[in-house]
Each structure stands twice: as structure tokens, then as C-alpha cells.
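The entries follow the order in which I went through them.

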Amino acid sequence: MAEVELDSVVREYGATTALDGVALDISEGEFFTLVGPSGCGKTTTLRTIAGLEEPTSGSVRIGGASMDGVPPEERDVGVVFQNYALFPHMSVGENVAYGLRFSDPPEGKSKNERVTELLELVDLAGFADREPDELSGGQQQRVALARALAPGPRILLLDEPMSALDARLRQQLRRQVKSIQKELGVTTIYVTHDQEEALAVSDKVAVMHDGRVEQVGTPQDVYREPETEFVASFIGENNRFDGEVVGREGEVALVDAAGTTFRVVAPDATGDVTFYVRPAALDTEAGENRLTLGVGTSEFLGEGARTYGTWEGGEIVVRTGAVPAGEEIEVGFDPADAVVV
Amino acid sequence: MRNADLTDAAERVVLPALGGFAALLLLVFFYFPVAEVFARAFDEGASFAAVLTDEFYVGFLAHPGEALARFLAFCSAFVRNPLVAEFPDYRLGLFGFTAYQAFLSALASVALGVPMAYVLARFEFPGRETARSLTALPFVMPSIMVAVGFIAAFGNQGFLNGVLTALGLPKVELLYTLKLIILAHAFYNAPLVARITAAAWESIDTRTVETARTLGARPRRAFRDVVLPQLLPSVLTGALLTFVFCFLSFAIVLSLGGLEFRTVEVWVYQAVNDLDYGEAATLAAIETAFSLLLMYAYLRYEARQRAASAVHPPERIPLFGSVTPSRLAAWAVCAVCALVFVLPMFSMVYESLTTPVVGGDAVTLRHYAFLVERQATAYSFQVKPLTAIRNSLLFGAGCLAVAVPIGIVLAVVSTREFRGRKVVDTLAMAPFAVSGIVVGLGLLWGLVFGTEITVPFVGTVRVTVSGALAVVAAHAVGAYPFVTRNVAPMLATLDRSLVESARALGASRARALFDIELPLVASGVLAGAAFAFAISVGEFDSTVILASGTNSYTMPVAIERFTGRRLGPATAMGCVLLAVTGASFVAIDRLGGHFDG
């Protein structure tokens, strides 16, 4: 049975539709990520689960029970917001202990024991008497996490909790969040606009766009087998080819794109077709389908370079060694590396 | 590069020179006069010990031992039989009463201001922004005009009693009661409390409330645990400021207090009128020392408050819609506000345009005509209305000329980092904590009466300043902090890279100030100027001291002189003043002025 279930949830603000029929099944203990560009409805979805927004129509169930009209304080959730929202007039310890005013600490512990335990869990042992504004952004974020976890919530909701932090700290913290989540086994719903982060930490990912869920799957699924054009272009770098099926050799379709014929594995494709090839699948040495690129710019990445080149069909991005601008290079890909959506 | 060296050198000289000049003006027109009051208090005043042990001034504190004994007697009686124990009847004395009425006024301002903040911060309605800017209006409202408005509204012949009589209800007698004084003080200060509290309310991150909710708190509990503690410091700040302002209240108590109620300010004024300068100086010195102490406490307290900015301000509730408990409360607040804030001003306009006839009021312009006629017929000891208007405008212009440059220079100085900046900031804001009466007295004794200075090789020179110039100086002292307050925040938030870019492109520091910074803060300068003008036009306390027996009287002084048995002339003059003040306020508002003390 799904731990959290959303059934055709619609949320309208006047004339604008923030959520347009969102359906999700999230299993117990899962690390589930909602990813999408800003304005896609991911935060509204999270707030609807927390009870901070009422759906215009549709339903939310937690543990099988309908959440219609259930206020946030009775949903057994813990929330961490992007800006942490620490209570500025309470110490770190008081912040973490706040939820314990309304429910007893789990496992028969005392409040003090629970606060100490949680602060240790987030590596902030001994910080209980500090004031929130004395802490760095990363420390504040961990206090917010400890506070959300202290009452032992059934579901942990994280709303872009890392986006105010710098890249290195973000990586370090997301590993910590992930390991704490695994240790506690708490069902976690994580909202982020960073697709790389989504792929890195999640058991499952829901890609959202314009108030709708485009695709739900494991990180591998959404990366390797995008089901929609939006998912293909949003998750990871991708090269798009628009063409027309002009012939067929069994499972392989012959696709004419910008005057070049490509061989693409696509058993069902007919007529106009769009396929995507990942930059890493484009090889300067091998590949059945060859095309010549005029190199525009090349970005040095340490390990190799990201090179932007143009051909008749538009711009292509490739992983190469260093290539001077203005040169021509030839790249190729195998029919099986093209993903048709 | 020689040029750059030269401009840098000029800049090293020019800015400190301007700052020094501003400091000199303040020294002559503010610190020296205040020092003069203290000096007189020590030289020829009644002895401090005599004042501080006189029951008339300090009430029961004059005999602390006896007061304590009576309190202990009360305690033991209370323990024996709580039902019959009577609390001792302590006399408050002049200082005690002044503090007592200020305390009650602060309470009333909080009681009215916090609900106002609730409506402003949590509700959405057409004209909300306007209502919000109107909370700044009291800063520029001439106190004597407000007093006349209150007499017109709540006096025995006032608008309220007119309505009650028409309805066949008994009259209420509010004039010359402590209630009305406190209501008038609330008129002034509740908007201030509302403004400060609403700002804090709006800066509370809704996410903190939502977090409390998800952690298990019900809405009321979340309000108590999360919202209230974040509001409390602002409420206290507002209350403390209100207490200081009401402790120094003069015109309101003078006009509404009758013979029974007097604050220290009023007593000082009467002592001056009786030429009892010694007593005036001593009382003024004690009062000023006390208010400076309070102001210092306020500044210390305010500095501890963190300046938060709302990342996720709470969503507002539409004010109009189906009846809910919170809407009902908000509507009730609006009704009370209409009574307290609109009625006095409306009554003043109404009284100035009507005259009582049998069976009601008739519309008339004769009170305005009186202002013109009196100009021709006034005896030399009487106030000429048009002269008062002319003086007000002239002094206002003079005040602008002095207060705006001082205010700008101090704003520039206070946004520079240097050692002792805090001291400069505090000294520059001191006029907020010194009453107009004290500044007026100091200027009168120190400059108008003249001071003898011994100049080497020349001998003793007597320096005197004309009454008109002293009035301008007093007004400028009261007005320049508003210029500084309007300009400094804009200068401080100006992106430093703008000036740095200009300098990198070859502009000198001073050049960058004129080319980049001043144009960008122009609206702040103009708003500050409008403030300075409005403050000057409405200033009563120091003007009434400096103008007595001279021709330097202004509109507020004229209003006070006209306040008598008939309300007509005073209210007509009040309406002229209201028009000038209102125009200044519109200018300030349009220019986005900052009001928060």
C-alpha cells in the first residue's frame, strides 16, 4: 500500500492553475524527489501534502487515510523549508524541542535526551544553547532537519533545503541527509529544481512540468528512457534531432533529419519523429551514424571538455578532448543510443 | 595624476569641513542652549535636593520612609484581612503625575495601536497603502491643532455633544479630564505603535508559523508561540517611545488639561511666564536628564533588535467578505479608529464652517473672515492672523535652508565608517529626547538675551541673536533629524559598486557624491525637506517661548491665543494649518518618505 497517495490533485489560484491533476504513489521508506523548473508546481505539491495548501479538487491520503480537512498539525509530517524558518526567538535546543511540546518523544525518551540525540545525528552536538543567527547556513539547515525529525514524523518533507548553500556544502549535506534518511527509514519527499541532485539522492523521481507529473521512475529510468520531450531535455544534457522516418530495416528506422539519414532503433516509429542522443553517447572515433560539426566553443572541464558544434540540423553538445574553435570534428553514435520519445 | 591628487586633497578637507560646520551649528543652536539651561539650574535654580524632597514635585517619594511604612502597614492589614485592607493613598506629585499620564498614554497607545497593526498587517483592502502612510501623519501634525480638534470634537459645545443633544441623550463631559489627555496622546502615538508593530508582523516569515503547525501546534498555539514573541519587542519599542514623547508632552496638556492637570513641561512654561527662571531651569534640567536616560535605554534596546526581512510574508485576508470572527474584530478596530482619528479633524473643519443657531448649526465663513478683519483691527499686544501665516511660511523656508544641509551632511557622515561613529550618531539624534520647551528656553537665555564671550585682545563681546533667528534655529534643531533619517538609509543601501565604478572611471570621491549618490537619494532629500517644513510650520513648544512678547509668532501660537470661549477663530486657523500640513504630508508621501523615529 502506498504511504502517500495523491489522486488527481488540482490547485487553482484564481485564474492560474498551479497543479493540474497530480497523481503520485509514494511507498513507505522511499526517498522520493519532485524535480522540475521553477513554477512547475513541485512546492505546491509538497505544501498540499503537508496540509499547508488545500487542493481545489482531488485527494491526498497518508497511510491510506484521507487527509481532507486534516490540519497540518495532525498529519504527522516534518517540514524543512528552503530558508530553514528557524524560530528566531528560540535557541537551537528550543527549536529542536518545539515539536515535543505536542507529542511525546519516540521510544520513551525524555525531551532532553531526544534533543541531544537529534543534534548528535546532524553533527551539532553541543549547539543546543546557541542562537540561530549565530550559525552558518549549513548549520541552520541541519538544525531545521533535526527539528523536523525530533517528534519522529511519519513523513519528512524537504522543500529545496539546499538551494541557499554553495555547491560543495550542498553535496556534503545531501549525502548526510540521504544517510540519515536511510538510517531512520523515514518516508521522505524532496523538492528540488536541480536535476543532478534529484538523480544523485533519490529512490524515485517525479519530473514535474506546468502543474503536471511528466514521468515517475527510478533515476536510471528517467535518465535513460525519458517518456516525454520535456523529460528528455530537462534531465541531463541532451541533443535533439527532429526528422522523418523514410524507411525501416526491422527494428531500425531510417530517419532523415536536416538532409542526413540516421539509423535509429525505433520499432514503432513512423512519420515525423524526435529522438535524443546524450553527449556522452557521441563518439569522435566510433558510431554508425556520422556527422560533421563546426566547433563553436569548447569548455575545459578538467576531465575532457564540453564542446558545442553546429551542423545542418542545429547545435550539438559533445564530450571531447580539447578542440580549438573553428575546427571541424566528426562524431558518431550507435542506433541503440538514440532515444525516441 | 596631479588632478586626482588635488581632488583627493580637496575631498579630505571638504567633507570634514562640512561635517565640522554642521557640528558647529548644532553646538551653537542646540548643545550650548541646553547646557545653558543646566548651567542656570545649578547657578541660580532651586536646589535639586529641595525639589527632589518636595512632596509637590515628587509626591510620596519625598518621604520614602513614611511611604514604605504605610505600604508595610497595608501589607500586614492585607494579610490579616484582605477584604478591609485599604491601599494607601499615595500622592504622585508633579513628576509622578507626568510619568503616570505617560504610562497610561503608552498603555492606551498599545491598546489601540496593536489592533491597528493587526488590520494593517494581516488584511487586504482598497487604500491599505494609503492607510499605512497615514499612520505617519501624526509626526507632522501640529500638537496645538490636534488639541483644538479634540476640543472641537469632545468639548462641552463640541461635535460629539451636539450629536448627543440632537439625539436627546445627555452630554458627556470629557474636556479637562485625564481621559481626554490620554486619548489625544493615543491619537499621536497609537499610529506609531501600529507602524512599528505592523512592520514586525509583516516581517515574520510565515514558514515559521507553518513549521510550528506541522510540528503539532494548533493555529492559536502557533500564534502564541511563534508570532507573539516576535511581535513583543516591537510593541515594547513603540511603548517606550510613546512614554518618552508623552512624558515631554506640552501643548496637548496645556490645552486639554485645564487647571487641574499639569505635566513638568506645562509647569516649566508657567514658571517662565511668571519669570521664575530658577525653578524653570531646575525642573527642565531634571526632566531632560530623565528623558535622555529613557532615550538612551530605548536606543540600547532598539539596537538589540534584529533587522529581519520577510522572505515569505503572510498572505493577507480580504477585509470585506463573509462575517468571520477575525473580520468582525477588524471592522471594530476600523470603527474605533474613525472615532479617535477622523472625528477630531472632521470636527475642527465642521466647527470652523458653522455657527450655532436655534435648532442646529448654520454654515458660515465668518470665522475665516474674522482672521482677515483681525489683521486690520488687532491691538499691538494681539496676534495678527496674516502675520502669523506669513511668519510660519518664512520660518519654514528658513528652517529648510538650515536643516536640509545639516541633515544631509550628517547622513553622509553617519554612513561612513570611522571611529566614534556611534557617538556622532547618538549625539545627532539627541534633539528627539529634548523637549521643545527646553530648547526654546536655552535659546532664549543663551542667545536672545545674549552671552558674553571673552575674545583675546578684543575684550568682552556680547553676542545676541534676534528672536526670529532663534525660532528658525529651534525649528531646524527639531527638523534636521528627519532629513538625516530619510537620507541616511538610502545612502546606506546604495550599492557601493556604483560609487566604485564612478571612481574607477575617474570621478573624485566628492564628484561621485554629487554625480551618483545625491541624484539617487534625491527623493529622500525632498521627503526630508517636506518633513522639515511641516515640522517648522507646526512647531509650538519652543516657538511659544521665543515668540512671547515679540512679533515672531506663528500659526500654532495664534491658534493657542485664539483658543477661548469661542471655537470659531481657533478652528479656522487650525484649518489653514491643516491645509499647509496636509500639503507637506502629501509631498512626503509621494516622495516615499521614512517616518519611523
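Predicted model: local features only at pLDDT ≥ 70, side-chain atom pairs only at ≥ 80, totals over all residues.

Entry 1. I began with helix α8 (residues 143-154) of chain B and helix α10 (residues 178-202) of chain B, whose axes lie 11 Å apart and pack at an angle of about 130 degrees. I therefore noted α8(B) and α10(B) as oblique to each other, and I recorded their crossing as right-handed. On the α8(B) side I found Ser143(B), Val146(B), Phe150(B) and Phe154(B) making the contact, and on the α10(B) side Leu180(B), Leu183(B), Ala184(B), Phe187(B) and Tyr188(B). Sorted by class, the residues of this contact are eight nonpolar and one polar, with no charged residues.

Entry 2. I then turned to helix α16 (residues 325-353) of chain B and helix α27 (residues 568-590) of chain B, whose axes come within 8 Å and cross at roughly 125 degrees. This pair, α16(B) and α27(B), is therefore oblique as well, but here I noted a left-handed crossing. The contact involves Met345(B), Met348(B), Val349(B), Glu351(B) and Ser352(B) of α16(B), which meet Thr571(B), Ala572(B), Gly574(B), Cys575(B) and Leu578(B) of α27(B). I counted six nonpolar, three polar and one charged among the residues of the contact of α16(B) with α27(B).

Entry 3. Lastly I looked at the interface, where 24 residues of chain A are in contact with 22 residues of chain B. The area buried between the two chains is about 2,100 Å², and carbon and sulfur atoms give 56% of it. I found five salt bridges between chain B and chain A; Arg47(A) forms a salt bridge with Glu210(B), with the closest N and O atoms 2.6 Å apart.

Conventions. Residues numbered from 1 in each chain as written. Chains lettered and ligands numbered in written order. Heavy atoms only, no water. Axes fitted to C-alpha atoms, helices over the stretch in contact; angles between N-to-C directions. Helix = DSSP H or I, 4+ residues; strand = E, 2+ residues; numbered from the N terminus. Parallel < 35°, antiparallel > 145°, perpendicular 65-115°, else oblique. Left-handed = near helix turned anticlockwise from the far one by under 90°. Contact = heavy atoms within 4.5 Å. Nonpolar A, V, L, I, M, F, W, Y, C, P; charged D, E, K, R; others polar. Buried area = accessible area lost by both parts, 1.4 Å probe. Salt bridge = Lys/Arg side-chain N within 4 Å of Asp/Glu carboxyl O.
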